[in-house]
Amino acid sequence: MSNDDFRAAMSRLASGVVLVTAQEPPLDPDDPHAPGGEDVGMTATAFLSVSLDPPLVMVSVREGSRMDDLLAEQPLWAVSVLSENQRHIAGRFAMKNRISDRLLFADLPVVRGEASGALLVGGALATLECRTEQLVTAGDHTLVIGRVLTATAPSTDGGGPLAYFRGRYRQLD
């Protein structure tokens, strides 16, 4: 089996789309005047509920990516479940090899999560704040299993979920 065959087969599995966010730790945590850490975001389609008791979720991140490196040292992170009207957010944070996410967050309606300090996207179908429980190496990805600290499902006019199917963002009909 080739990588292309595997990718084509798995593209037939529809999945939801989320934005995973975390805040880098301050450059010098002992210096109150040191600059704070930057906010980082990553679009993910490999996100799922693992357990109800305790409440656990899992996200798969590419090994060696900026988010992989960050979540190896920062245990607090957040997830915004994107609506069909937030396709532009998914595309923006799916770009590879970017240096900074500051401009990507600049015009988005966000609030900082109280439990994680990570950014949560306004208008998302749901938001979760998590603390890493376990990191599992799986091939060229790291599976990040997190305990859910907070979960909200605000009432929104965002419509249905943003889905990913056959290599494209889609909405449910």
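**Exercise 1. Which residues have the most contacts inside the largest nonpolar core?**

Solution. The model is a predicted one.

Step 1. The largest nonpolar core has 18 residues, and Val20, Met42, Val59, Met67 and Trp77 have the most contacts inside it.

Step 2. Assign the core to elements. At least two of its residues come from each of β2 (18-23), β3 (39-44), β5 (56-62), α2 (66-73), β6 (76-81), β9 (126-138) and β10 (141-152).

Step 3. Inspect valine 20. With neighbours within four places in sequence left aside, valine 20 is in contact with Val40, Gly41, Met42, Ala44, Val59, Met67, Trp77, Ala78 and Val79.

Step 4. Note the second core. It is separate, has 13 residues, and includes Leu19, Ala90, Phe105 and Leu119.

**Exercise 2. Describe how β9 is joined to β6 and to β10.**

Solution. Step 1. β6 and β9 run antiparallel and are joined by six bridges. Across this pairing, alanine 78 has glutamate 129 of β9 as its bridge partner, and tryptophan 77 stands opposite cysteine 130 in β9.

Step 1. β9 and β10 also run antiparallel, joined by 11 bridges. Threonine 127 stands opposite threonine 152 in β10.

Step 2. Turn to the hairpin of β9 and β10. Two residues lie between the strands, and glycine 139 takes a positive phi near 60 degrees.

**Exercise 3. Classify the aromatic pair of phenylalanine 93 and phenylalanine 105, and state which parts it ties together.**

Solution. Step 1. Searching the whole structure gives two aromatic pairs. In the pair considered here, the ring centres of phenylalanine 93 and phenylalanine 105 are 4.8 Å apart and the planes are at 50 degrees, so the pair is tilted.

Step 1. Phenylalanine 93 belongs to helix α3 (residues 87-93) and phenylalanine 105 to helix α4 (residues 102-105), so the pair ties together parts 12 residues apart in sequence.

Step 2. Check the burial of the two residues. Phenylalanine 93 and phenylalanine 105 are both buried, and Phe105 is also one of the residues of the second core.

Notes
Residues are numbered from 1 along each chain as its sequence is written. This is a predicted model: local features need pLDDT of at least 70, side-chain atom pairs count only at pLDDT 80 or more; totals for chains, interfaces and linings use all residues. Side-chain values use heavy atoms; hydrogens and water are left out. Rings of Phe, Tyr and Trp (its six-membered ring) pair if their centres lie within 6.5 Å; planes under 30 degrees apart count as stacked, over 60 as edge-to-face and the rest as tilted. Helices (H or I, at least four residues) and strands (E, at least two) are DSSP runs, numbered from the N terminus. Buried means under 20% relative accessible area, exposed over 50%, partly exposed in between (1.4 Å probe, protein chains only). A nonpolar core is a set of buried Ala, Val, Leu, Ile, Met, Phe, Trp, Tyr and Cys residues joined through side-chain atoms within 4.5 Å. Contact means heavy atoms within 4.5 Å. Two strands pair if DSSP finds at least two bridges between them.
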